Amino acid sequence: MSKVTIISGSPSDETRLNGVLHDIFNYFNGIGIAPEIIDVRLLPSEDLIQARFDSTVIIEANKKIEDSSIIVILTPVFKASYSGVIKTYLDLLPQNGLEGKTILPIAIGGTFGHLLMIDYALKPVLTALGATNILKGAYILDSQIKKLGNNRYELDAEAKERLVSSLNSIKPSLLTV
């Protein structure tokens with residue numbers, strides 16, 4: 001089985017991004033893959049801000065990336081770009097840390113006006129980290145994610161369909177032994 005790591009780049013605990021994360025986690029579990037999760041906001045802030053490449057926690061997180069063939073990157077959109085939280089972590093990946101990986105970017109934002117953030121802000125950084133197989137990904141509006149309470153969320157049918165379509169774009173050969 002391929003290893004999958006999901007990087008969640010929300011700075012907040014209660015975020016609609018958790019609804020998307022939950023659906024992605026369930027998708028992979030449904031096909032027999034238990035993905036690793038790197039919740040960047042839970043990494044030591046001092047290590048992120050001070051770029052401590054030698055931090056044990058950062059090294060462990062980077063090892064998850066190294067051992068995975070599929071990386072899903074989740075980020076909210078802030079000021080027409082990916083979150084600063086995700087940027088601080090991406091800065092700590094080795095120069096070619098995404099080489100040979102299949103990358104699926106997923107973003108959520110307030111308007112479709114930020115849809116191109118994936119192509120014009122996130123993908124260049126991923127490419128600089130050695131990624132050559134970056135899938136189309138998905139962009140989901142905040143309004144397409146309903147709050148249910150207790151940090152639970154539900155995607156509307158159209159958003160869920162786009163998310164599943166993006167997940168299905170991962171080559172089946174990568175999802176098997």
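Helices (H or I, at least four residues) and strands (E, at least two) are DSSP runs, numbered from the N terminus. This is a predicted model, in which local features need pLDDT of at least 70, side-chain atom pairs count only at pLDDT 80 or more, and totals for chains, interfaces and linings use all residues. Residues are numbered from 1 along each chain as its sequence is written, and side-chain values use heavy atoms, with hydrogens and water left out.

Let's start with strand β3, which spans residues 70-78.

| Partner of β3 | Bridges | Direction | Opposite residues |
|---|---|---|---|
| β1 (residues 4-8) | five | parallel | Val4 and Ile70 |
| β4 (residues 81-82) | two | antiparallel | Val77 and Tyr82 |

The hairpin of β3 and β4 has two residues between the strands, and Lys79 there takes a positive phi near 50°.

Now for the surface. Leu116 sits in the loop between β5 and α5 (117-128), and is partly exposed, at 48% relative accessible area. Together with Phe112, Leu115 and Tyr120, Leu116 makes a nonpolar surface patch of about 450 Å². Accessible areas come from the Shrake-Rupley method with a 1.4 Å probe, and for residues only the protein chains shown count as cover. Like charges are joined within 9 Å, and nonpolar side chains (Val, Leu, Ile, Met, Phe, Trp, Tyr) within 5 Å.

Technical notes: Buried < 20%, exposed > 50% of the residue type's maximum accessible area, 1.4 Å probe, protein only. Pairing = 2+ DSSP bridges. Patch = residues over 30% accessible without salt bridge, like charges linked within 9 Å, V, L, I, M, F, W, Y side chains within 5 Å. Salt bridge = Lys/Arg side-chain N within 4 Å of Asp/Glu carboxyl O.
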